[in-house]
Amino acid sequence: MMTLALQNLSRRLFRSGITIAGVAVAVGCLACLLAFGEGYRNGLRRELDGMGVQMMMVPLGCPYDAAARVLKGKTLDVSLPLTALTTARNDSAVAVAAPLLMATLPRPSEGRTDCWVGVDESVRPLKPWWKLKAGSTWFGDADSVILGSEAAATELRNVGDTLYSPETGRRFKVCGILERSGTSDDSLFFIPLHTAQAMFHQPERLTAIAIRLKDPGLINGAIERLQQTPGAQVVTLAEMLGTFLNLVGAVRTLVMAVAALAVTISVLTVFNTMLASVLERTGELAILRAVGASRWQVFRLLALEALLLTVAGSLIGLLLAIVAGHSIEILVRHLITLAPDGSLLSLSARVAGQCLLVGLGTGIVAGLYPAWQASRLPPARALRAV
Amino acid sequence: MILALLGLSIGAAALYVALARSSEPADIQVAHAGAGDLALHEHPSVGLCPWREPERDRRQFFPTSTDVREDTLILSGKRTEVARQLGRPATGEENALKVYRILNQEQLLGSFVARRVRGESGVIELLLAVGTDGRIVGAKLQRLREPEDVAHVLQSASWLGAFTGKDRTSSWQLGGDIPDVPPAAKTSAAAVLDAARTLLILLGVADGSAAPGTDRR
């Protein structure tokens, strides 16, 4: 049956080729759109992850002022109890909750303001931009300090040097210097949380808790639960998150609409080809019936032809997407002003599988009616044709 | 058509390679940097030091001054002379010196120069008031984060006051020409003395004075 189907398709090579090309273009478009959709979503998610913090627990007061001050490495007049950290860490939606204790020591006559930030190890996943210029990756002991690049340059400190805080009488050993990140971290002095709490007489207190969720979609539930923490309030980076989710949603809708259009065109092309084929081969198919072919055999023959067309078209379409995808990505980058870094084209096995499934589905849907029509041809029609 | 596309592709690739190469000179420069420059990279950049309290310092060291003029003196053409007087190769940052000329109407009274140095516990900013004869009129530590006992010694009138009258040919021996300091303050004190001497040499060479007391500007 396969040989017969292939022979039938090759007899009208041009028409078969055009149909395969139509399916290939549709599947190629679909593959590119799905791959771009996935790549764009992954890219944005990666960038959001790169930002580290998704929400922040701060003491009661003006939440946006508090969040802005904390993000800029400035101190707050009020603080959080350490129990708020336990609450945050126990929340099912929270992936990372990092405590921060910040204190600024201004000395205007010397033109300097020391910004000390007490952190613990949990802050590291929230600071993906931290790259060490020199030294060790974390505090060696309680009297270690990691300096932002500008802080190190201002104080002319190298790893292993001493850094003294005249205001608090504490002496630190520089254990690490961060590379320039372009964030407020560049001018900060990072010290162990317990050291900061002792240094600024704030035992068991925190300035803020930086939080990253397991999934940004869990944000509403997390806010609701964490807002109930006594003395604390939650500030989300709502604008950023809202923009992110809107962008992803819009991209998904657009992709699905265009993909649906491409598939519909593809179905109609195959349907048209198969129907024309049945009409052209009415006599031939009737003879097949007259010489003993069952209705089911004729139906299978036509369905197989449709499937062969769409499978061939799907495979070529995938190949097309792989070959042309990079060029299209370059083009798309010019059109999207806020495209995330990294590859926008994520042609994964999942996407390829989806496209092949759509191709098969197209073949089945488009081939059903013509095959059914062919199977209903009466053998007497063959005698009339003869 | 195919040939045209092929030609365009080759052209684009050539352009890309050319652009990529054009961003490389900085790396090449580092690779061929001299020993003096490489030594500089081992320490944090000294950079330019700001003058933090101009009004107050002018009143203190040049009470009759009426005006300030800011000059940036380029020393890159005098590196050999600078190195000879310093007794070591000049660093990249010693190619320029910012000088604040203190004037009374049009008459030059002296200059202020500042320098950041690596103290034992953090940066120290030294400000020197230098007369037209190249001798120190006064010195001040604008900024330091040394422990209190060290800071007290370094900022004392007896220690900083010993700088007054010194010029670039003077001896800067700690414990000799300059009063000794406790062991805890020795590193920072030595850094400050070296900075003072360096500033005087840079200023002298930049101004082209052949010997102390000669102002050839």
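Let's start with two helices. In chain B, α5(B) and α8(B) pack at an angle of about 145°, and their axes lie 10 Å apart. The crossing is right-handed. Which residues make the contact? From α5(B), they are E81(B), V82(B), Q85(B) and L86(B). From α8(B), they are R197(B), T198(B), I201(B), L202(B) and V205(B). Sorted by class, that contact has five nonpolar residues, two polar and two charged.

Please remember that this is a predicted model. It scores ipTM 0.72 and pTM 0.60. For chain B the mean pLDDT is 79, with 74% of its residues at 70 or more. Which element of chain B has the lowest mean pLDDT, and which the highest? The lowest is helix α2, residues 25–31, at 27. The highest is β4(B), at 96.

Two stretches need a flag. Residues 1–45 of chain B have pLDDT below 50, and beyond near neighbours in sequence this stretch makes 17 contacts in the model. Residues 211–217 of chain B also stay under 50. For these, the model has 17 contacts beyond four places in sequence.

Now the core. The largest nonpolar core has 42 residues. Those with the most contacts inside it are L126(B), L128(B), W159(B) and F163(B). Several elements of chain B each supply at least two residues. The helices are α5 (79–86), α6 (148–154), α7 (157–160) and α8 (183–207). The strands are β2 (96–104), β3 (107–118), β4 (123–131) and β5 (136–143). Which element gives the largest share? That is α8(B), with 14 residues. As background, nonpolar side chains in soluble globular proteins tend to be buried together.

Take L126(B) as one example. Leave aside its neighbours within four places in sequence. What does L126(B) then contact? The list holds V113(B), A114(B), R115(B), K140(B), L141(B) and F163(B). It also holds V192(B), A195(B), A196(B) and L199(B). F163(B) is on that list, and F163(B) is also among the residues with the most contacts inside the core.

Next, a phenylalanine in a loop. F62(B) sits between α4 (54–61) and β1 (67–74) of chain B. Is F62(B) buried or exposed? Its relative accessible area is 6%, so F62(B) counts as buried, the cut-off being under 20%. Setting aside residues up to four places away in sequence, F62(B) touches D57(B), I102(B), L109(B), G110(B), S111(B), F112(B), A129(B), V130(B) and V137(B). Look at V130(B) in that list. F62(B) and V130(B) are 68 residues apart in sequence, yet 9.9 Å apart in space, C-alpha to C-alpha.

Over to chain A. Chain A has twelve helices and twelve strands. Of its 386 residues, 46% are buried. Among contacts in chain A with a separation of 6 or more, 79% join residues 24 or more positions apart.

One last stop is the loop between α6 (193–199) and β10 (205–206) of chain A, where H201(A) lies. E204(A) is placed in the loop between α6 and β10 of chain A too. What is the phi of H201(A)? It is near 55°, a positive value in a residue other than glycine. E204(A), also not a glycine, has a positive phi of about 65°. Are these residues buried or exposed? H201(A) is exposed, with a relative accessible area of 67%. E204(A) is exposed as well, at 52%.

How values were computed:
Residues numbered from 1 in each chain as written. Chains lettered and ligands numbered in written order. Predicted model: local features only at pLDDT ≥ 70, side-chain atom pairs only at ≥ 80, totals over all residues. Heavy atoms only, no water. Core = buried A, V, L, I, M, F, W, Y, C linked by side-chain atoms within 4.5 Å. Buried < 20%, exposed > 50% of the residue type's maximum accessible area, 1.4 Å probe, protein only. Helix = DSSP H or I, 4+ residues; strand = E, 2+ residues; numbered from the N terminus. Contact = heavy atoms within 4.5 Å. Axes fitted to C-alpha atoms, helices over the stretch in contact; angles between N-to-C directions. Left-handed = near helix turned anticlockwise from the far one by under 90°. Nonpolar A, V, L, I, M, F, W, Y, C, P; charged D, E, K, R; others polar. pLDDT = per-residue confidence, 0-100.
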